[in-house]
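Biologist: I have not looked at this one before. Can you take me through it?

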Amino acid sequence: MKQALTLITLAVEDLPRALAFYRDGLGWTPSFTADNIAFFQMNGFAFSLFKQDEMAKELGRDIAVRRGGIALAHNVESPEAVDALLSEIRKLKGGAILSEPVKREWGGYSGYFEDPDGHAWEVAWNPYWTMSPEGFVTI
């Protein structure tokens with residue numbers, strides 16, 4: 001298998017609510033939406049929101065949307081950009097700040113928020129990574 005990521009899918013309880021958060025709140029533009037799924041073209045991969053019950057059928061097992069041990073990350077170009085983005089997230093209906101941004105012991109600066117289904121997102125600045133204008137990072 002190639003070392004490549006092509007799609008991240010989050011199970012959501014209420015697709016219209018989740019879509020409103022990502023589309024209207026974060027300002028993302030869906031590439032495709034249907035009754036049970038929405039896709040967003042990202043920087044080199046795709047991101048989707050899939051109704052939890054439909055995802056369970058597809059997987060062939062029960063699933064539950066819950067706060068768990070995974071965090072998605074959105075890197076930005078500066079510590080000030082971390083503060084600005086988390087300030088905007090704080091105003092969104094359905095989002096919540098999990099941890100205020102702080103200087104991390106590894107040298108970066110980050111904070112966390114969660115979407116309406118409890119999926120954790122880190123907003124981070126990493127001084128050791130190079131970031132392109134399109135949002136690609138080089139480690």
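Biologist: How many bridges join β2 to strand β3, and do they run parallel or antiparallel?
Modeller: Keep in mind that this is a predicted model. Three bridges join β2 to β3, the latter made of residues 37–41, and the two strands run antiparallel.

Biologist: Which residue stands opposite Thr-33?
Modeller: Ala-38, in β3, stands opposite Thr-33.

Biologist: In what order do the strands of that sheet come?
Modeller: The order is β1-β4-β3-β2, in an open sheet of four strands with mixed pairing. At the edges are β1 (7–12) and β2 (30–33), each of which pairs on one side only. On average, neighbouring strands are turned by 20° against each other, direction ignored.

Biologist: Which strands does helix α1 lie across?
Modeller: Helix α1, residues 15–25, lies across β1, β2, β3 and β4, and runs at about 155° to β4 (46–51). Helix α2, residues 52–59, also packs on the sheet, where it touches β1 and β4. The direction of α2 makes about 100° with that of β4.

Biologist: What about β5, which sheet is it in?
Modeller: β5 belongs to an open sheet of four strands in the order β5-β8-β7-β6, and the pairing there is mixed. Its edge strands are β5 and β6 (96–103), each pairing on one side only. Neighbouring strands in this sheet are turned by 20° against each other on average, direction ignored.

Biologist: How many bridges join β5 to β8?
Modeller: Five, and β5 and β8 run parallel. Asn-75 stands opposite Ala-124, which is in β8.

Biologist: Which helix lies across β5, β6, β7 and β8?
Modeller: That is α3, residues 79–90, running at about 15° to β7 (109–114).

Biologist: Changing topic: how much space lies in the largest pocket?
Modeller: About 770 Å³. The largest pocket is lined by 28 residues, and the closest to its centre are Asn-43, Phe-45, Ala-73, His-74 and Gly-135.

Biologist: Which strand gives the largest share of that lining?
Modeller: β5, with five residues. Strands β3, β5 (71–75) and β8 (120–125) each supply at least two residues of the lining.

Biologist: And by class, how many lining residues are nonpolar, polar or charged?
Modeller: The lining has 18 nonpolar, seven polar and three charged residues.

Biologist: Last topic. How many aromatic pairs are there?
Modeller: A search of the whole structure finds twelve. One of them is Trp-28 with Trp-121, whose ring centres are 5.8 Å apart.

Biologist: Why is the pair of Trp-28 and Trp-121 called edge-to-face?
Modeller: Because the ring planes of Trp-28 and Trp-121 stand at 80°, and planes over 60 degrees apart count as edge-to-face.

Biologist: Where in the chain are Trp-28 and Trp-121?
Modeller: Trp-28 is in the loop between α1 and β2, while Trp-121 is in strand β8.

Definitions and conventions
Residues numbered from 1 in each chain as written. Predicted model: local features only at pLDDT ≥ 70, side-chain atom pairs only at ≥ 80, totals over all residues. Heavy atoms only, no water. Pairing = 2+ DSSP bridges. Axes fitted to C-alpha atoms, helices over the stretch in contact; angles between N-to-C directions. Contact = heavy atoms within 4.5 Å. 1 Å grid on protein atoms, 1.4 Å probe; cavity = no way out; pocket = protein on both sides within 12 Å on 5 of 7 lines; lining within 4 Å. Points joined across faces, edges and corners; volume = space filled by probe spheres on them. Nonpolar A, V, L, I, M, F, W, Y, C, P; charged D, E, K, R; others polar. Phe/Tyr/Trp six-rings, centres within 6.5 Å; stacked < 30°, edge-to-face > 60°.
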